[in-house]
Amino acid sequence: TKWVYSFGDGKAEGKASMRNLLGGKGANLAEMCNLGLPVPPGFTITTEVCTAYYAGGKRYPEALREQVDAALAQVGALTGKRFGDAEHPLLVSVRSGARASMPGMMDTVLNLGLNDETVEALARNAGDPRFAYDSYRRFITMYANVVLGVEHHAFEEALEHYKESKGASLDTDLGAEDWKTLVSTYKRIVRDEHGAEFPQSPQDQLWGAIGAVFDSWMIPRAKKYRELNAIPESWGTAVNVQAMVFGNMGDTSATGVAFTRNPSTGEKALYGEFLINAQGEDVVAGIRTPQDITEKARQEAGSEKPSMERAMPESFSELTRIYGLLEKHYRDMQDMEFTIESGKLWMLQTRNGKRTAKAALRIAVELAGEGLISREEAVGRVEPGALDQLLHPTIDPKAERKVIASGLPASPGAASGEIVFSSEAAEAARKAGRPCILVRIETSPEDIHGMHAAEGILTTRGGMTSHAAVVARGMGKPCVSGVGAIRIDYKAGTLAVGPVTLKAGDKLTIDGSTGQVIQGEVAMVAPELSGDFATLMGWADEVRTMGIRANADTPTDARTAREFGAEGIGLCRTEHMFFEGDRIVAVREMILSDDVEGRRAALAKILPYQRQDFLALFTIMQGLPVTIRLLDPPLHEFLPHTDAEVAEVAAGTGVSEDKLRHRMRELSEFNPMLGFRGCRLAIAFPEIAEMQARAIFEAAVEAARKTGAPVTPEVMVPLVFTRAEFDIVKARIDAMAKAVAEETGESVEYQVGTMIELPRACLRAKEIAETAEFFSFGTNDLTQTGLGISRDDAGTFLGAYTQKGILEADPFVTIDQEGVGELVRIGVERGRQSRPDIKLGICGEHGGDPASIHFCQEVGLDYVSCSPFRVPIARLAAAQAAL
Ligand code: PEP
Ligand code: MG
């Protein structure tokens, strides 16, 4: 087996496509060699060695030593040196390099091969003993730290001590003799801390470092990282051994990092930092302030120190040539590491650079504009979830944050304001022009007005599909939910977390993108929907095959949805409309009356409002499809809570408060989410569904007259588990359509379909589809009932499930493909058995989640529906799913 791949002198045994075998770094080093770029010669020990090492009980494959020796000899031949030689010693760097970049692993050992003898040779050959001993002490520190496990600070303290004793303030104040003295001190520290001498044999050093790279594959930090990023353990890491080039050989030497485009803005300009007379770790360590690479960047930063463009013009123009070449070759923004040794530029690494969402958009659009990539590729280059960063205000990354607690990142964006503990207080603050954060244990539909009034919402209970989370996402308001550490005292008007107690009126900031709760106000940056955003969205629309609709209940939602490119409404939750203005009183009258007449009287009051609501939606949507769901309340949300509210209903209906209270007790439920909700209400009280159907059809007639664009309402029945339920409700709707047609002389095209949101409905989808004209998968309830996890209480324990790896992701965010997804699959298949062209959509929160959208494409749904602010994300994700 070939375990070792060499590179150097314009050729390499590997190439970029061999990333799995050589790791990212090794594959790109080989590729750069093949491109004829100046890369110090070296070799890569493959990821297969890592796998074999662990399979064999931490023993190397037999032929490895031989192959490493041969590769080392070849590097020596190319550099005119020999590993361990007393006259012309070859020194190497040893670095890890997994397939995917992996923080947490052993990183780098430089200057390996130095010992008491070779350091003298280095001093002689370079004519600079200070450089040689500085390199040696760096090697001892690095090696002792990453291979022998001796902590850095032991060396740092010794260095500080020494500098003090010499009255020196900077490392550069120290000379050759000083470093020589420190080298002996460092070796003594190693002996004390490690219990053995610092290894003098270059071979021992090399195998020690290689072993440390492989061992670091299994350290907890690396394991954790793999777990979080779904990187399989079986991938293993490669090891790169490469001839040293020195950036610390005086003032014509330097080391640096550069991006081919600005990673935070995407601007096409070489961007980066370098340090003269330094080695790699100095740039990262931040001991010295690095200098800018281009003159333009230096001027913009107002820096005194010369740019690389000025200080090292030849190396700069060489770097400029190379970066252009690398970007063309890789067809993406590159992040490069380089070293200049005595005026000669060497490339040490290149890879696709990490970038912000804003930069990703701009780079993708511009690369396509430059003809380097196709539009489809550009669409694939931007992570849909990252668009969230662009659609909402976010916390200024430079701002300081005093984080006092954290919860679930329930709805993205950040907001600051004074703390209010009730929706009434939120409205009052709003009227007074004071921004506020609504802080509640949990929210209910009654809080809608308060949520509207607030800049952001914080709850201490509830998961990602709790009421607060769903509604906030719908409104595009930041929300942090389930902050269990915060205790709210409504009476006292305080919240407490650890030693911090805040009262109503105190300033608070929430970051709905991270879940952080921050004391005080923090600076924000506004969203910026630049031209690049619109361009890329347009390209995405050309590619995707699924439709994108929005979950929208209000005219504001509907307008936002259209602005973001929604092609219809996939879910209008009518229960939210019942809380607008003072309608709730009539709604309570309806629910609490114990006879049909009482209900009809109350419904008559509600009808005009409903018609108005639907007319507004139909008008905004201009002929696009609108799915309206019949009332789906957990009933308790509508019941009066306070004595005053009970009195109000009594006054409205003429029924005694006692009788009302009796009725409330009758209606109270242990488990409202599994109680009197969904179509069960329409079955028991058909007059409610009739009123809603009338409102829908009358509004449709009126909207068509007004706008000339006839709407096709899709009336949707919730929480069905058997065809019989659906048929009963559908009969009422059809009858009402007929009645309205007769009254108005105009008939409306419409469809009646159902939510599929209970496991039994998936199983019986074939029969249900015999009469239902469309399905919309309600994956919120399907997850709740499929997993038996209450969507309102999940916050308290789900965290432990994802942490322990029992669940990969919150199933209320990303669809549980194996379970809930399987139910959806069954529903799709069986539904199509009786109605092959049945229209299929999804309107649970998963409709806005990129991973779930891929799944929807896979099972062949016609559209996804999500909250308005997620529409752009869904458009992009659907495009990528179709690629
Ligand atoms: C669902 O259950 O997925 C759904 C969309 O309905 P709701 O969230 O209103 O229960
Ligand atoms: Mg539901």
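Which residue with positive phi follows α14? That residue is Gly371, with phi near 80 degrees. Helices here (H or I, at least four residues) and strands (E, at least two) are DSSP runs, numbered from the N terminus.

Some housekeeping. This is a predicted model, in which local features need pLDDT of at least 70 and side-chain atom pairs count only at pLDDT 80 or more, while totals for chains, interfaces and linings use all residues. Residues are numbered from 1 along each chain as its sequence is written, and chains are lettered from A and ligands numbered from 1 in the order in which they are written.

The overall picture next. The chain has 36 helices and 34 strands, and its C-alpha trace spans about 105 × 60 × 55 Å along the principal axes. Of the 883 residues, 52% are buried. Buried means 20 or more other C-beta atoms within 10 Å of the residue's own, exposed means 12 or fewer, and partly exposed is in between, with C-beta atoms placed from the backbone.

Back to α14. This helix covers residues 357-369, 13 residues in total, and reaches 18 Å from its first C-alpha to its last. The expected span, 1.5 Å times one less than the number of residues, is also 18 Å. Because 11 of its 13 residues are buried, α14 is largely enclosed by the rest of the structure. Among the buried ones are Lys358 and Arg362. The cover over the buried residues includes α15 (375-381), α16 (388-391) and α20 (531-543), judged by contacts, that is, C-beta atoms placed from the backbone and lying within 7 Å.

Now a helix pair. Helix α23 (583-592) packs on helix α25 (643-653) at about 75 degrees, with the axes 9 Å apart. The axes are lines fitted to C-alpha atoms over the stretch in contact, and angles run from 0 to 180 degrees between N-to-C directions. So α23 is roughly perpendicular to α25; angles under 35 degrees count as roughly parallel, over 145 as roughly antiparallel, 65 to 115 as roughly perpendicular and the rest as oblique. On the α23 side the contact uses Val585, Arg588, Glu589 and Leu592, and on the α25 side Glu648, Val649, Gly652 and Thr653.

Last, Leu635, in the loop between β29 (626-629) and α25. Leu635 is partly exposed, with 16 other C-beta atoms within 10 Å. Beyond its neighbours within four places in sequence, its contacts include Ile591, Leu667 and Phe676. Its C-alpha is 78 Å from that of Ser165, 470 residues away along the chain.

Technical notes. Two residues are in contact if their C-beta atoms, placed from the backbone, lie within 7 Å.
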